[in-house]
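Please work through the exercises below with the sequence and the structure at hand, trying each task before reading its solution.

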Amino acid sequence: VTRLPLSARSLRDTGVTFVPLRDDHADVVVAWIDDRPRPAVEALRDVIHTVARASDLLSAG
Amino acid sequence: VSFDLRQLRYFVAVAEEGSLTQAAARIPVAQQSLSEQIRALERQLGAELFVRGPRGVQLTDVGTALLSEAKPLLSRADRAFERVRRVAVGERQAIRVGFLPSVGNYIVPPLVRAFADTHPEIVLTTEDLPIAQLVEGLRDGRLDAGLTRPPLVDDLATERILREPVGVVLPAGHRLSAAPQLDLADLADEPRVLTPRPSWEPWHRKYDQDFAAAGSPRTSFSAAAAFKACSRSSRPASA
């Protein structure tokens, strides 16, 4: 057996079964080195959160 | 609204310095002019922003409320100005983003479209990478940001984008495959398959901790061939 996020379910359809795990979850994060101001990274973070608020990203997979 | 950004900058400087004299030196501006602008702001709001004392100034409740609004507003204004300035001079920035293949299929396409629409002045390039290379890229500066899964390492700043449910992948016909839902404890006696441990130790540690907490202390093992057979395109969520 192995453990995968729900979004991976669409990637396989032969020979295996995907069963949800109760109260288990996986986060996706944006990561960066916070050593100095990075305007482009700030812009990216703004866009990421706008996109995440405006759409169901999981259904896009 | 009749106040302007300059008045807000003056106000924030005074609030942060706790002193008109020091704020005037920091900006820099003549103290009389600074004082007049703060008074003008107070008139426009119909409330005092500071309590003036012999040793400086202290924010009133109204001043505290304005400070919490003014700082993000000024920050946003500065970013907008800088962005427009770059467009005006034809200067293009670049940002390089690494992502795990298992998150890229649903996050990267809408993100790239939205970023191109809102920030045409910044060239965004993406690269799918294994987790260890992604972290290495952030550390050595080849990447500016990464879309990945925790747990990571202490020297990276992170913000959660989304949280998704997790499931278990079982061979078809497995005794548990018809269950509508399972607990980790249900898998206590099952051989577990995941990527090789050196691929990213923090994931493996978390994976083992989760199973141990569920009463299944057996250390997970790597079986690359079996993993490929049941998971051709992804990697474990927190392994």
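This is a predicted model: local features need pLDDT of at least 70, side-chain atom pairs count only at pLDDT 80 or more; totals for chains, interfaces and linings use all residues.

Residues are numbered from 1 along each chain as its sequence is written, chains are lettered from A and ligands numbered from 1 in the order in which they are written, and side-chain values use heavy atoms, with hydrogens and water left out.

**Exercise 1.** Describe the span, the bend and the packing of helix α5 of chain B.

*Solution.* Start with the span: α5(B), residues 101-118, has 18 residues and reaches 25 Å from its first C-alpha to its last, close to the 26 Å expected at 1.5 Å a residue. Helices are DSSP runs of H or I with at least four residues, and strands are runs of E with at least two, numbered from the N terminus; the expected span is 1.5 Å times one less than the number of residues.

Next, look for a bend, the angle between axes fitted to the seven residues ending at a residue and the seven starting there. At Ile107(B) the helix bends by about 50°, and Pro109(B) follows within four residues.

Finally, turn to the buried residues (under 20% relative accessible area, with a 1.4 Å probe and protein chains only), which include Tyr106(B), Ile107(B), Leu111(B) and Phe115(B). The buried residues of α5(B) pack against β2 and α1 of chain A, together with β3, β4, β5 and β6 of chain B.

**Exercise 2.** Which side chains make polar contacts with Gln7(B) and Arg45(A)?

*Solution.* Gln7(B) lies in helix α1 of chain B and is counted as buried because its relative accessible area is 5%. A polar contact is a pair of N or O atoms within 3.5 Å, where within protein one must be able to donate a hydrogen and the other to accept it, and residues adjacent in sequence count only if both atoms are side-chain atoms. The side chain of Gln7(B) makes one of 3.2 Å with that of Gln37(B).

Arg45(A), in helix α1 of chain A, is joined to Glu159(B) by a side-chain polar contact of 2.7 Å.

**Exercise 3.** Which element gives the most to the lining of the largest pocket?

*Solution.* The elements that give two or more residues to this lining are α1 of chain A together with α4 and α5 of chain B. Among them, α1(A) gives the most, with eight residues.

Note on methods: Buried means under 20% relative accessible area, exposed over 50%, partly exposed in between (1.4 Å probe, protein chains only). Contact means heavy atoms within 4.5 Å.
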